[in-house]
Amino acid sequence: RSKLSGPELLCQIKNMVQIATLTQDMEPFSGFPWASQLPPRQITADIGPFKTCAVVSSAGSLKNSGLGKEIDAHDAVIRFNAAPTTGFEKDVGSKTTVRLINSQVMASEDHHFLSSSLYSAGILVSWDPGPFSSDLGEWFNKTDYPIFKQYQRYRRLHPQQPFYIVHPRTEWQLWQRIQDNMVETIQKNPPSSGLLGTVLMMSLCEVVHVYEFLPSRRKTELCHYYQRFSDAACTLGAYHPLLYEKNLVKRMNKGSDHDIYTHGKVTLPGFMTFDC
Ligand code: NCC
C-alpha cells in the first residue's frame, strides 16, 4: 500500500469524514419526551463559516508559550474539556468559541459540569465512544458515561446555550482514516478530542491553526498547562491512538517545521478551500 501525500490525505478526510451531530428528528431520540432539547439542525448548518480558527490543545507545552495574543486573534477558538483560560491568558488566550468535551467530563463529580462557569462560555459540543456500528439505539443503551442524562440536566439549567452531541459515526469514520493510513493495527478506541476538534474546525473554517498538538521545543511530560500532573502518555497516547493521530496531522501540515518547533503550530486548510 502506498503512502498518501498530504493533499491526498486531506481529500480523504474531507470526503470520508462527515461532522454529524444529533438532531431532534433522529431515531430513537425523536420518540423521547426530551427530544426537543436536541438542536433542530446540524452544527455545520448553524455556525461559521469562519476565516481563521485556532485549535488549542491542552498540552503542558503551552505553558510559558506566550501564544495567548496570537490565539485570540483568530475568528474562532476551540478548547477542550476542563481547560481553563482564567489565569492562563498569556499562554492560551481568553476567547472560547467552542468547547469540545468528552462524556467523562460531563459525568464525573470532580468536574462540576452542571455548576462550573467554565462550561458556560461559547458553544458546547460533546461526545461519547459509541459502538463501532454507530447504531444510535445500541449506543443510547450503552454509553461509556451517562451523557444523555447529563445533557438533559444541563439543557434545563442553560436552555439558551447552544449544545451539540457528536454522532458516534463521525468518530469511527475518523478512526478508519487513521487505521487505513497506518501500517500497524491500531487499538479500536476513538480518536482524541483534539483530533475530533481539529476536523470540526476544518469543516467550519477557511484556515485552521492547531497549537501544541504536535509538540514544540517546549515539549514536556507535564500533562496539561493547567495542572501539576506529569505523564508522557498524555502527549503520546494510551487509550486514544494519539501518536497515530499526530502522524496524520503532521502529514497534512501546510506550515513549516520551524512553526512546529517554535510555536507547536500546524496550519491546515479548511475543507471549503480545496476541491478533490
Ligand atoms: O487531556 P485532554 O484529552 O483533556 O486534552 C485535550 C486534547 O489535547 C491534546 N493533548 C493533551 C495533552 C497533551 N499533553 N498533549 C495533547 O496533545 C489531545 O488531543 C487531547 O485530546 C480527551 O481527548 O478527551 C482527553 O480527555 C482526558 C480527560 O478525560 C479530560 O481532560 C477530563 O479530565 C483524558 N484523560 C483521562 O482520561 C485520564 C485523555 O486521555 C484524553
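Student: Between which two elements is the loop that holds P49?

Tutor: P49 is in the loop between α2 and β1, where β1 covers residues 50-56. Keep in mind that this is a predicted model.

Student: What kind of peptide bond joins G48 and P49?

Tutor: Start with the general idea: most peptide bonds are trans. The bond between G48 and P49 is cis, with omega at about -5 degrees. A cis bond also runs from E27 to P28, where omega is near 0 degrees. P28 belongs to the loop between α1 (6-16) and α2 (43-46).

Student: Where are H112 and S134 found?

Tutor: H112 is in the loop between α5 and β4. S134 is in the loop between β4 and α6.

Student: Is S134 buried or exposed?

Tutor: Use the cut-offs: under 20% relative accessible area is buried, over 50% is exposed, and what lies in between is partly exposed. S134 has a relative accessible area of 10%, so S134 is buried. H112 has 49% and therefore counts as partly exposed.

Student: Why does R99 count as buried?

Tutor: Apply the cut-off again. R99 counts as buried because its relative accessibility is 2%. Its place is in strand β3, residues 98-102.

Student: Which residues is R99 in contact with, leaving aside its neighbours within four places in sequence?

Tutor: R99 is in contact with R79, F80, N81, A82, A83, L118, Y119, I123, L124 and V125. For two of these residues there is a polar distance to read as well. The side chain of R99 reaches the backbone oxygen of N81 at 2.8 Å. A polar atom of that side chain also lies 3.5 Å from the backbone oxygen of L118.

Student: How far apart are R99 and Q187 in space?

Tutor: Read separation along the chain and separation in space as two values. R99 and Q187 are 88 residues apart in sequence, and their C-alpha atoms are 26 Å apart.

Student: Which helix holds T170, and what does its side chain reach?

Tutor: T170 lies in helix α8, residues 168-180. At 1% relative accessibility, T170 counts as buried. Its side chain reaches the backbone nitrogen of A20 at 3.1 Å. Beyond the neighbours within four places in sequence, T170 is in contact with V17, Q18, I19, A20 and L196.

Student: Where does E212 lie?

Tutor: E212 lies in the loop between β6 (205-211) and α10. The relative accessible area of E212 is 2%, so this residue is buried. Not counting residues up to four places away in sequence, E212 touches S57, A59, S61, L62, R218, H263 and G264. A polar contact of 2.7 Å joins the side chains of E212 and S61.

Student: Which residues of helix α7 are buried?

Tutor: Helix α7 spans residues 147-157, and its buried residues are I147, F148, Q150, Y151, Q152, Y154 and R155. To read what covers them, look for the elements in contact with those residues. The cover includes α5 (103-107), β4 (123-127), α6 (136-140) and β5 (163-165).

Student: Which residues come nearest to the ligand?

Tutor: There are 20 residues around the ligand, of which N81, N102, Q104, S193 and H224 come nearest. Next, look at the polar atoms. A polar side-chain atom of Q104 lies 2.7 Å from a ligand oxygen atom. A backbone N or O atom of C223 is 3.0 Å from a nitrogen atom of the ligand. In the side chain of H224, an N or O atom lies 2.6 Å from an oxygen atom of the ligand.

Student: How much of the ligand does the protein bury?

Tutor: Taken alone, the ligand exposes 730 Å², and the protein buries 78% of that.

Student: Where does the ligand sit?

Tutor: The ligand sits in the largest pocket. Two or more residues of the shell around the ligand come from each of α5, α9 (193-204), α10 (233-236) and α11 (242-252).

Terms used:
Residues are numbered from 1 along each chain as its sequence is written. This is a predicted model: local features need pLDDT of at least 70, side-chain atom pairs count only at pLDDT 80 or more; totals for chains, interfaces and linings use all residues. Side-chain values use heavy atoms; hydrogens and water are left out. Buried means under 20% relative accessible area, exposed over 50%, partly exposed in between (1.4 Å probe, protein chains only). Helices (H or I, at least four residues) and strands (E, at least two) are DSSP runs, numbered from the N terminus. Contact means heavy atoms within 4.5 Å. A residue is near a molecule or strand if one of its heavy atoms lies within 4 Å of it. A polar contact is a pair of N or O atoms within 3.5 Å; within protein, one must be able to donate a hydrogen and the other to accept it, and residues adjacent in sequence count only if both atoms are side-chain atoms. Accessible areas come from the Shrake-Rupley method with a 1.4 Å probe; for residues, only the protein chains shown count as cover. On a 1 Å grid over the protein atoms alone, a cavity is a set of points where a 1.4 Å probe fits but cannot get out, and a pocket is an open set with protein on both sides within 12 Å along at least five of seven lines; lining residues have an atom within 4 Å of a point. A molecule sits in a cavity or pocket if more than half of its atoms lie within 2 Å of its grid points.
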